Structures are given as C-alpha cells and as structure tokens.
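Reader: I am new to this structure and would like to learn how to read it. Please take one feature at a time.

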Amino acid sequence: MRCPKCGSLHVERLRNQEVKCIGCGFVFYFVTPDTGSIDFDRYRL
C-alpha cells in the first residue's frame, strides 16, 4: 500500500480503514473492493 499523495510506502494503519502516511502526514482511507468486483484497476495504489 502506498500514499496516493506522495507515493511513499511508509504508511501506518490508524483505525479500521484509516491510513496515515509517515512521509507527508496525509491521511487517507483504504477500502477493499467487493469480492464480486472485477474492476481492480481503480483500487490500485
């Protein structure tokens, strides 16, 4: 998993789906795709 803002791989999981980047401090939400979905390109980080 990488930060969508700066591209850093140094991220830590804060809460359930909340992830914080160690590099720039950006907080984003990582949502796993539905199991029935085949469009995985939009979930790539």
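Author: Start with a single side chain. This is a predicted model, and in it Phe28 counts as buried, at 6% relative accessibility.

Reader: Which cut-off makes a residue count as buried?

Author: Buried means under 20% relative accessible area, and partly exposed lies between that and over 50%, the range for exposed. Phe28 is therefore buried at 6%. Phe26, with a relative accessible area of 30%, is partly exposed.

Reader: How many aromatic pairs does a search of the whole structure find?

Author: The general idea is that a pair of aromatic rings is described by the distance of the centres and the angle of the planes. Here the search finds one aromatic pair. Phe26 and Phe28 form this pair, with 6.2 Å from centre to centre and 15° between the planes. The pair counts as stacked because planes under 30 degrees apart are put in that class.

Reader: How many disulfides are found in the whole structure?

Author: For this feature, look at the distance between cysteine sulfur atoms. A disulfide needs two of them within 2.5 Å, and the search finds zero disulfides. Take Cys3: the closest cysteine sulfur belongs to Cys21 and is 3.8 Å away, which is too far for a bond. Cys21 is in no disulfide either, and the nearest cysteine sulfur to it is that of Cys6, at 3.7 Å.

Reader: Are Cys3 and Cys21 buried or exposed?

Author: Cys3 is buried, with a relative accessible area of 2%. Cys21 is buried as well, at 1%.

Reader: Which elements make up the secondary structure of the protein chain?

Author: The chain has zero helices and three strands. Read from the N terminus on, the elements run β-β-β.

Reader: In what order do the strands lie in the sheet?

Author: To read a sheet, follow which strand pairs with which. The three strands form an open sheet in the order E1-E2-E3, with antiparallel pairing. Strand E1 (11–13) and strand E3 (27–29) are the edge strands, each pairing on one side only. From one strand to the next, the twist averages 30°. Three bridges join E1 to strand E2 (residues 18–21) in the antiparallel sense. Glu12 stands opposite Lys20 in E2.

Reader: What share of the residues in the protein chain is buried?

Author: Of the 45 residues in the chain, 16% are buried. The accessible surface of the chain comes to about 3,700 Å², and carbon and sulfur atoms hold 50% of that surface.

Technical notes. Residues are numbered from 1 along each chain as its sequence is written. This is a predicted model: local features need pLDDT of at least 70, side-chain atom pairs count only at pLDDT 80 or more; totals for chains, interfaces and linings use all residues. Side-chain values use heavy atoms; hydrogens and water are left out. Buried means under 20% relative accessible area, exposed over 50%, partly exposed in between (1.4 Å probe, protein chains only). Two strands pair if DSSP finds at least two bridges between them. Helices (H or I, at least four residues) and strands (E, at least two) are DSSP runs, numbered from the N terminus. Axes are lines fitted to C-alpha atoms, for helices over the stretch in contact, and angles run from 0 to 180 degrees between N-to-C directions. Rings of Phe, Tyr and Trp (its six-membered ring) pair if their centres lie within 6.5 Å; planes under 30 degrees apart count as stacked, over 60 as edge-to-face and the rest as tilted. Accessible areas come from the Shrake-Rupley method with a 1.4 Å probe; for residues, only the protein chains shown count as cover.
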